Amino acid sequence: MSAAATPIKDEKQLPAAHIRIAGLVQSYRSLDGGQYATEITMPAKDAYSMPSVVEVFSDQRIANKGQEVDLICELRGWPRTWSYVDKNTGEQKQGRRLSMALRVVD
């Protein structure tokens, strides 16, 4: 359950679509297939801002609740489409939304 990642001196060294996530583990849950989803609260940028909360996915549990982590994650994205009827015109339309997820790089 080591959350220690290879130290990166400069975030500009990260490959495209990778990001550093550092913060406090709030919770984790196991998913089908032996994977885990971990909720992490990152520090607020200043005393008046709300902290960001993200969920990262991994092949193993990365830490316990209350532990600090510093991880490198890959940003993954995919489109989702669905059909719907426009309420104003009654016309059949296609909706589209992009989803994104953070996956811990081992």
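**Overall fold**

User: What do the five strands form, and in which order do they run?
Analyst: In this predicted model, the five strands make a closed barrel in the order E1-E2-E3-E5-E4, and their pairing is mixed. On average, neighbouring strands of this sheet are turned by 50 degrees against each other, direction ignored.

User: How do E1 and E4 pair?
Analyst: Strand E1 covers residues 18-30 and strand E4 covers residues 68-85; they pair in the antiparallel sense over seven bridges. Within this pairing, arginine 20 stands opposite isoleucine 72 in E4.

User: Back to confidence: what is the mean pLDDT?
Analyst: The mean pLDDT of the protein is 91, and 89% of its residues reach 70 or more.

User: And where does pLDDT stay under 50?
Analyst: That applies to residues 1-5, for which the model has ten contacts beyond four places in sequence.

User: New topic. How many residues has the largest nonpolar core?
Analyst: The largest nonpolar core has 13 residues, and Ile21, Ile40, Val54, Val56, Leu71 and Cys73 are those with the most contacts inside it. Two or more residues each come from E1, strand E3 (53-58), E4 and strand E5 (92-104). E4 gives the most, with three residues.

User: Which residues does valine 54 touch?
Analyst: Leaving aside residues up to four places away in sequence, valine 54 touches Ile21, Thr38, Glu39, Ile40, Met42 and Leu102.

User: Is glutamate 68 buried or exposed?
Analyst: Glutamate 68, which lies in strand E4, counts as exposed because its relative accessibility is 69%, and the cut-off for exposed is over 50%. Its contacts, not counting residues up to four places away in sequence, are Gly23 and Leu24.

User: How many salt bridges are there?
Analyst: A search of the whole structure finds five salt bridges. One of them joins the side chains of arginine 20 and aspartate 70, at 2.7 Å from N to O.

User: What about arginine 103?
Analyst: Arginine 103 forms a salt bridge with aspartate 59, with the closest N and O atoms 2.2 Å apart. Arginine 103 belongs to strand E5 and aspartate 59 to the loop between E3 and E4, so this pair ties together parts that are 44 residues apart in sequence. Arginine 103 is buried, with a relative accessible area of 13%, whereas aspartate 59 counts as partly exposed at 42% relative accessibility.

Technical notes
Residues numbered from 1 in each chain as written. Predicted model: local features only at pLDDT ≥ 70, side-chain atom pairs only at ≥ 80, totals over all residues. Heavy atoms only, no water. Pairing = 2+ DSSP bridges. Helix = DSSP H or I, 4+ residues; strand = E, 2+ residues; numbered from the N terminus. Axes fitted to C-alpha atoms, helices over the stretch in contact; angles between N-to-C directions. pLDDT = per-residue confidence, 0-100. Contact = heavy atoms within 4.5 Å. Buried < 20%, exposed > 50% of the residue type's maximum accessible area, 1.4 Å probe, protein only. Core = buried A, V, L, I, M, F, W, Y, C linked by side-chain atoms within 4.5 Å. Salt bridge = Lys/Arg side-chain N within 4 Å of Asp/Glu carboxyl O.
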